[in-house]
Amino acid sequence: MPTINRDGVKIYYEVHGSGPPLLLTHGYSSTSRMWRGQIAALSKHHKLVLWDMRGHGESGYPEDTAAYSEALTVADMAALLDAVGAEKAIVGGLSLGGYMSLAFYRAHPNRVRALLIIDTGPGFKKDEAREVWNKRAHDTGDRFEREGLEVLKSASRERSSVTHRDASGLARAARGMLTQRDARVIELLPNIKVPSLIVVGADDAPFLAASDYMAAKIPGAKKAVIPAAGHAVNIDQPLAFIEAVLPFLDGLPRNAAQERLVSS
């Protein structure tokens, strides 16, 4: 089982296929297993890198809440690319994984070939809205402490069928990774200079407006709305999801000269 050691925290990852690297990050309280229905299609022409965020799945569950943060998650992603020998990658994810992909671009724009942002919100410009979100995140952490993994039985499909060792990591991740500190990610959107695809399920009501906003703000971004799909769009409609994503991946520049042309 491949892992990297991040200051004593084990980070689990797996690699499928070969070709241009594609790093996908799961949503909060899910795991890399949420992508299992897409492995065959996405690894046919790409080196697909999947992983479990700290506090999730097969990765480590550090006991210190300070070991969970946006900055550490972004650093984990960079370390994973180093581990698989990828200077640059297509970077994407669902929900929290999509937000962390945007945060990764903010920290390491030169390491991102393209962005794949799925059922994601880009954060909040106003402190009041962020405070409401953060209270919900802390409440989620409290609920995992009270009820344990039973919470996931009523969750959306990318979370209800996955396995965690216990709920302690999810509680700490809610407080340290799900919460947001500032507006730097949402303010980044107009400055993104790589091809970007925004994917959202037509029934994922909380994220429809956010997807419209990102598609409007990110220069040249494309958007795909998947009918009859909720928050777990790749699980609800796996074929439609792949049919939306593959043409985007296939159309990406294949060399540095093409990339300069696209970003100019």
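Modeller: Gladly. Keep in mind that this is a predicted model.

Colleague: What span should the 21 residues of helix H4 have, at 1.5 Å a residue?

Modeller: Helix H4 covers residues 127-147. The expected span is 1.5 Å times one less than the number of residues.

Colleague: Which residues of H4 are buried?

Modeller: Buried means under 20% relative accessible area. Seen down the axis of H4, the buried residues fall within an arc of 75°, so they line one face of the helix. They are Arg130, Asn134, Ala137, Gly141 and Phe144.

Colleague: Which helix do the buried residues of H4 pack against?

Modeller: Look at the two sides of H4. The face turned away from the buried side carries the exposed residues Glu128, Glu131, Lys135 and Arg146. The buried residues pack against helix H6 (168-178).

Colleague: Which residue takes a positive phi just after H4?

Modeller: Look in the loop between H4 and helix H5 (157-160). The phi there is about 70°. The residue is Gly148.

Colleague: Is Gly148 buried or exposed?

Modeller: Gly148 touches Arg143 and Ala167, leaving aside residues up to four places away in sequence. Its relative accessibility is 18%. The cut-off for buried is under 20%. Because 18% falls under that cut-off, Gly148 counts as buried.

Colleague: How far apart in space are Gly148 and Glu243, C-alpha to C-alpha?

Modeller: Along the sequence, Gly148 and Glu243 are 95 residues apart. In space, their C-alpha atoms are separated by 37 Å.

Colleague: Which residue in E2 stands opposite Asn5?

Modeller: E1 and E2 run antiparallel, joined by 4 bridges. Their hairpin has 2 residues between the strands, and Asp7 takes a positive phi near 55° there. Opposite Asn5 stands Lys10.

Colleague: Which residue in E4 stands opposite Val15?

Modeller: Strand E2 (residues 9-16) and strand E4 (residues 47-51) also have 4 bridges between them. They run antiparallel. Opposite Val15 stands Val49.

Colleague: Is Thr31 buried or exposed?

Modeller: Thr31 lies in the loop between E3 and helix H1 (39-42). Leaving aside residues up to four places away in sequence, its contacts are His26, Asp52, Gly57, Val162, Thr163 and His164. At 2% relative accessibility, Thr31 counts as buried.

Colleague: How far is the C-alpha atom of Leu208 from that of Asp119?

Modeller: Leu208 is in helix H8 (residues 205-217). With a relative accessible area of 28%, Leu208 is partly exposed. Among the residues it touches is Val200. Leu208 and Asp119 are 89 residues apart along the chain, and their C-alpha atoms are separated by 8.0 Å.

Colleague: Last, the whole protein. What radius of gyration does it have?

Modeller: The protein has 11 helices and 8 strands. Of its 264 residues, 55% count as buried. Its C-alpha trace spans about 55 × 40 × 35 Å along the principal axes. A compact globule with 264 residues would have a radius of gyration near 18 Å, which agrees with the protein's 17 Å.

Key
Residues are numbered from 1 along each chain as its sequence is written. This is a predicted model: local features need pLDDT of at least 70, side-chain atom pairs count only at pLDDT 80 or more; totals for chains, interfaces and linings use all residues. Side-chain values use heavy atoms; hydrogens and water are left out. Two strands pair if DSSP finds at least two bridges between them. Buried means under 20% relative accessible area, exposed over 50%, partly exposed in between (1.4 Å probe, protein chains only). The arc is that of the directions from the helix axis to the C-beta atoms. Contact means heavy atoms within 4.5 Å. The radius of gyration is taken over C-alpha atoms; the globule rule is 2.2 Å times the number of residues to the power 0.38.
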